[in-house]
Amino acid sequence: MSWNYKYKDLLKKAYKNLPKLSKTTERFNIPKIEGRFEGNRTVVSNINQIAKQLSREKNHIIRFLVKELATTGENKGKLYYFIGKFNSKRINEKIEKYTKDYVLCSQCNKPDTKLIRTKGITFKQCEACGARTSVRQIK
Ligand SMILES: [Zn+2]
């Protein structure tokens, strides 16, 4: 094993240990849901991972989805149950919309943003380029 090889390996490891969204230069992949139907409900089993990948509050994402899908639902442990049958394509489109609206910077398109609230207005603050845009409130 050459020194170079080891070094590359170390680098790889170091990158792996970095927080997911931090200063990434790779294309950001919008997470996809894992779901299934259960009777008249749609169960999503990876909402926690999605929230983690997007660095957003799970409840914020759920409020958005419930509103967009015009339904209600409930948490059961790691699962989220939507009332009604929604195919994964439809939910993924909503996750994409959420990501564009609330995660990706509208200036540089990077995911290194956070939501901040000032004077009742929520802003998407980009830590990569410094842009700040107001975002719609989810009631
Ligand atoms: Zn930016």
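This is a predicted model: local features need pLDDT of at least 70, side-chain atom pairs count only at pLDDT 80 or more; totals for chains, interfaces and linings use all residues.
Residues are numbered from 1 along each chain as its sequence is written.

The protein chain has four helices and seven strands. Both are DSSP runs, numbered from the N terminus: helices are H or I with at least four residues, strands are E with at least two. Along the sequence, the pattern reads α-β-β-α-α-β-β-α-β-β-β. The chain has 139 residues, and 17% of them count as buried. A residue is buried if 20 or more other C-beta atoms lie within 10 Å of its own, exposed if 12 or fewer, and partly exposed in between, with C-beta atoms placed from the backbone.

Next come the contacts. Two residues are in contact if their C-beta atoms, placed from the backbone, lie within 7 Å. Take the contacts in the protein chain with a separation of 6 or more: residues 24 or more positions apart account for 43% of them.

Now look at H3, residues 58-68. Its buried residues are Ile61, Ile62 and Leu65. They lie on the same side of H3, because they cover an arc of only 100° around the axis. That arc is taken from the directions from the helix axis to the C-beta atoms. What covers these buried residues includes helix H2 (47-54), strand S4 (79-83) and helix H4 (88-103).

How do H2 and H3 meet? Their axes come within 9 Å and cross at roughly 110°. Axes are lines fitted to C-alpha atoms, for helices over the stretch in contact, and angles run from 0 to 180 degrees between N-to-C directions. The two helices are therefore roughly perpendicular to each other, a label for angles of 65 to 115 degrees. H2 brings Ile47, Asn48, Ile50 and Ala51 to the contact, and H3 brings Lys58, Ile61 and Ile62.

Leaving out residues up to four places away in sequence, Asn48 touches Lys58 and Lys78. Asn48 and Tyr80 are 32 residues apart along the chain, and their C-alpha atoms are separated by 9.4 Å.

Notes:
Angles under 35 degrees count as roughly parallel, over 145 as roughly antiparallel, 65 to 115 as roughly perpendicular and the rest as oblique.
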